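Please open the model in your viewer and keep the sequence beside it. The stops below say what to select next and what is there.

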Amino acid sequence: MRNQVPLDISVIALRPAPARRAVAPPAPAPVPAAPAPKEPLWRDLVGDVLRRERLAQERTLKDVADTARISMPYLSEVERGRKEASSEVLAAAAQALGLGLGDLLTRAQGELVRITGRRAPAGRSTPRASYDGLCLAA
């Protein structure tokens, strides 16, 4: 014969169940603000201009480096924005490409304006001057 278990079984607790506390749902985590767009580095802008001009002229890195009397690995690093080139190196590279230093820097400034959209820094209360020139300080 089989042992049959009645269907109306009840459980008797040996210890009383602890009282449940009303717990407020956790506050939603604050949503982080979107980070401000990162300003491009000047060396990246200048390097992009040099590389773009060299490729537009269909010249090799070796050809431009030899003409400018710069080592080819160093010119490559300047083009990739890995090295902060001196004004003499930039002038030599620009001249090797048939540009003046002013032409190179003007093109880099144009690229900076295009990328940043000419937005004013946050918290600035004074109006900007209307000067569109380029100023470098050493």
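Begin by selecting glutamate 77, which counts as partly exposed at 25% relative accessibility, where buried means under 20% relative accessible area, exposed means over 50%, and partly exposed lies in between (1.4 Å probe, protein chains only). This is a predicted model, in which local features need pLDDT of at least 70 and side-chain atom pairs count only at pLDDT 80 or more, while totals for chains, interfaces and linings use all residues. Residues are numbered from 1 along each chain as its sequence is written, and side-chain values use heavy atoms, with hydrogens and water left out.

Side chains of opposite charge can pair when their charged atoms come close. By this rule the model has nine salt bridges.

Next, select lysine 62 and aspartate 66, whose side chains meet in a salt bridge at 2.9 Å, N to O. Both belong to helix α2 (residues 61-68), and because they are four residues apart, about one helical turn separates them; helices (H or I, at least four residues) and strands (E, at least two) are DSSP runs, numbered from the N terminus. Lysine 62 is partly exposed at 48%, and aspartate 66 is partly exposed at 47%.

For a pair that links distant parts of the chain, select glutamate 53 in helix α1 and arginine 107 in helix α5, which are 54 residues apart. Their salt bridge brings the closest N and O atoms to 2.6 Å. Glutamate 53 is buried, with a relative accessible area of 17%, whereas arginine 107 is partly exposed, with 39%.

Stay in helix α5 and select glutamate 111, which is buried, with a relative accessible area of 13%. Leaving aside neighbours within four places in sequence, glutamate 111 is in contact (heavy atoms within 4.5 Å) with Leu45 and Arg52.

Then move to helix α3 (residues 72-79) and colour its buried residues, Leu75, Ser76, Val78 and Glu79. Seen down the axis of α3, these residues fall within an arc of 160 degrees, so they line one face of the helix; the arc is that of the directions from the helix axis to the C-beta atoms. The buried residues of α3 pack against α1, α2 and α4. After α3 comes glycine 81, whose phi is positive, near 75 degrees.

Which residues lie nearest the centre of the second largest pocket? Select Trp42, Glu84, Ala85, Leu90 and Leu105, which hold that place among the 13 lining residues. The elements that give two or more residues to this lining are α1 (42-56), α4 (87-96) and α5 (101-116), and α1 gives the largest share, four residues. On a 1 Å grid over the protein atoms alone, a pocket is an open set of points with protein on both sides within 12 Å along at least five of seven lines, and lining residues have an atom within 4 Å of a point.

Terms used
On a 1 Å grid over the protein atoms alone, a cavity is a set of points where a 1.4 Å probe fits but cannot get out, and a pocket is an open set with protein on both sides within 12 Å along at least five of seven lines; lining residues have an atom within 4 Å of a point. A salt bridge is a side-chain nitrogen of Lys or Arg within 4 Å of a carboxyl oxygen of Asp or Glu.
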